[in-house]
Every structure is written in structure tokens, then in C-alpha cells.
Amino acid sequence: MRSIWNGAISFGLVSIPIKLVNATESHSVSFRQIHTEDGGRIRYRKVCELEDREVTQAEIGKAYEDADGSMIPITDEDLSHLPIPTARTIEIVAFVPEERIDPLQMGSAYYLAASGAPAAKPYTLLREALKRSNRVAIAKFALRGRERLGMLRVVGDAIAMHSLLWPDEVRAPEGVAPDAGVTVRDQELDLADALMDTLGEIDLDDLHDEYQEALEEVIAAKSAGEAPPEAREEERPGKVLDLMAALESSVRAARESRGGEEPGPAEEAEVRPLPRAQKSSRRAPKETGGKKSTSAAAKKTAAKKAAPKKSTAAAGKSTAKSAQPAKKATAGSTAKKTAGRSAAAKSTAKTPAKKTASRKRSA
């Protein structure tokens, strides 16, 4: 890895020569600007205003613009002789627990590589001291024309440094939180806990940039003269005004996406269902009434020709007996219409008739 800064770590009276290298890299796809009419490349040229000509990078320097518009040249030699100890040194000023550092302050990350064999022993000493103390080092250093604050910590067998914002560069969160007083119920917290337990943990190494992958597919398709892939239409949930309903739906969706996995006994949270509208209590009388009207209709048409089937159904619902009495009732209704049948059939028909009469009295 190419170094972007060379200097030393000042650890008390110990000096550790190091090289500063970037710890992160960008994989984003870069675009060029073109003229939309003919596809010509758009370029920015650096032109001297006095000579009206393009100049090379070697001819370009730094300057500070004064209030009256005049330019004050600042050379690299001027910057290297700044009257501060951090011009070429990462000066450790304190050791603190890592939780003392607000993540809002953390910026770019760098690796500190030992520069040469003489730096190996003091580099290892600082690394092991940080490990054993479970603390991080707070340091000051100068980079790209300004003094910065840094945090040194151990990553594997290397020492990493995060640039930190100065405390006065972090804004206070005033006016960000809701102004109105909001009360959260225990039931809502229970559902939020259940949702967190269902989502569970994830290995950060499994996450990847889907936007970049889709962008690369579009570029590959267009370079091959093919139509770019169409965007997938994803279902957008409807606007849910009830927070409890939204949480319940989120828990169900999370469990379905995880293959219907349920949280373990130790992680399972109590989920209390929302109170439903009293529709079920209204349905019960309607269903009961429906049964009564059906039974009454069956009783009224018991003497008709199609009565055997209805009276059988009514008898089966009210008495919950077996199919044998239903057959007897059918035989009895048939016996009323056939006068020439035997007395045994008539006696069989009298019994259901008495039962039907007793049902009418009980109704």
C-alpha cells in the first residue's frame, strides 16, 4: 500500500518512525461528463488568468486569498516549518477507554506501518501496551494543511488511527428530537423487542453494495448493445396509522423472511394482540338465529313432498343423533302418504311425529 504521509509517533521519549496508509478504499463506479449531443468528453482545464493559457500541475502552487482579493503564496517549505510539534509527528497526549470516544467524532481511518527495522521494537511495544490496557491513544497530528485529532487503536497485529473531529466541530442535537411529549406503552415496547429478536444478528461480511452491482449490470448490458435490465417492482406496504398494527406486521414479515423461524424461549417476547372490533360478538346471534329459522322452515314443510330431507337435516342439528333416527323420520313421512302399508310402518311414523310435536313445544 502506498503511503500518504511519513513521520513518527511520539510516545513519551520514544519515537517510532511510521508511514501512514489508507485503511479503506472506494469501489464506487465513477462517471465522466460528456456532451449529450455528440458524446464528446467534457474536460476542465487549468488556465492562468493573466497569461490566458493552460498550465501543468508542476506550475501550480498554493496561495491564501486575502480579504481584498490579493493572493499570498504559501509554499510546501513554509508548511514544513510550522511552529508546532505535530508537523511531522503523531504526538500521543492521553490514553482513555474506547467508550469515551463519541462515534460522531470519528472520520477517516488509516493504518500506521512501521518504517524500517529500527521501528519494529517500539511499534510492537506500543501495540502490546494498548492491548493490555484496553485503552486507546489520543493523539494530535498535522495532515493536508491542518492539525487534526486522532485515535490510535489495535486492529489485529497493526495499529490503526482514526481521525477525529474536534469537540467544537460536533453539533449538539438541539431541535432534532420530537418537541411534543410522546408516551410509549409497554405493549409497543414488547412488540419492538419481538421485532429485534426476530431480525436477530447478521455477519457484516455478508452485506454488499447492491446498488453498485445493479449499476455494473446496466453498464455491461449497454456496452454489449443490449437493453438494460428493468427495475424490480417491490411491494410497498400501505400507510399504517396504528403503530401496534405496524409492529405486528413487521414481526410477521420478518419471521416470513427468516423462513418462519421463531425466536428461542429465552429470546421470545410477549406479544399482546390488538383489541378487535366487536364483530365476532355480533355474528354469534346471527348464526344462531339462522339455525333457528332453518329449523322452523324445516318444521313448516315437514308435510310436503320434499320434507324428508329438510326434516332429517333439522333433526340432525337439534338432537345430534346418528343417521338411524333420520332414516326413521324419512320412512315415517313416507308412511303418511301411503295408506296401504303395514301397521309396522305406521307405528314407525308415529314416533317421529311425537318427537316433532315435542320440539315445537320446547321451541
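Predicted model: local features only at pLDDT ≥ 70, side-chain atom pairs only at ≥ 80, totals over all residues.
The chain comprises 9 helices and 11 strands. Of its 363 residues, 21% count as buried. The chain exposes about 28,100 Å², and carbon and sulfur atoms supply 53% of that area. Among contacts with a separation of 6 or more, 59% are accounted for by residues 24 or more positions apart.

The largest nonpolar core has 20 residues. Those with the most contacts inside this core are I9, I18, I90, L112, L126, L152 and M161. At least two core residues come from each of β1, β2, β7, β8, α2, β9 and β11, and β9 gives the largest share, 4 residues. Some of the contributing strands are listed below.

| Strand | Residues |
|---|---|
| β1 | 3-11 |
| β2 | 14-22 |
| β7 | 89-97 |
| β8 | 106-114 |
| β9 | 135-143 |
| β11 | 158-164 |

Leaving aside neighbours within four places in sequence, L152 is in contact with residues including I9, I90, L112, L126, L130 and M161. Another core, of 7 residues, lies apart from the largest one and includes I101, I138, L149 and L164.

Helix α2 covers residues 120-133. At 1.5 Å a residue, its 14 residues should span 20 Å, and the end C-alpha atoms are 20 Å apart, which agrees. Its buried residues are P122, Y123, L126, R127 and L130. Seen down the axis of α2, these buried residues fall within an arc of 140 degrees, so they line one face of the helix. The face turned away from the buried side carries the exposed residues K121 and R132. After α2 comes N134, with a positive phi near 55 degrees.

Key. Residues numbered from 1 in each chain as written. Heavy atoms only, no water. Expected span 1.5 Å × (residues − 1). Buried < 20%, exposed > 50% of the residue type's maximum accessible area, 1.4 Å probe, protein only. Arc of directions from axis to C-beta. Contact = heavy atoms within 4.5 Å. Areas by Shrake-Rupley, 256 points an atom, 1.4 Å probe, with all protein chains shown as cover. Core = buried A, V, L, I, M, F, W, Y, C linked by side-chain atoms within 4.5 Å.
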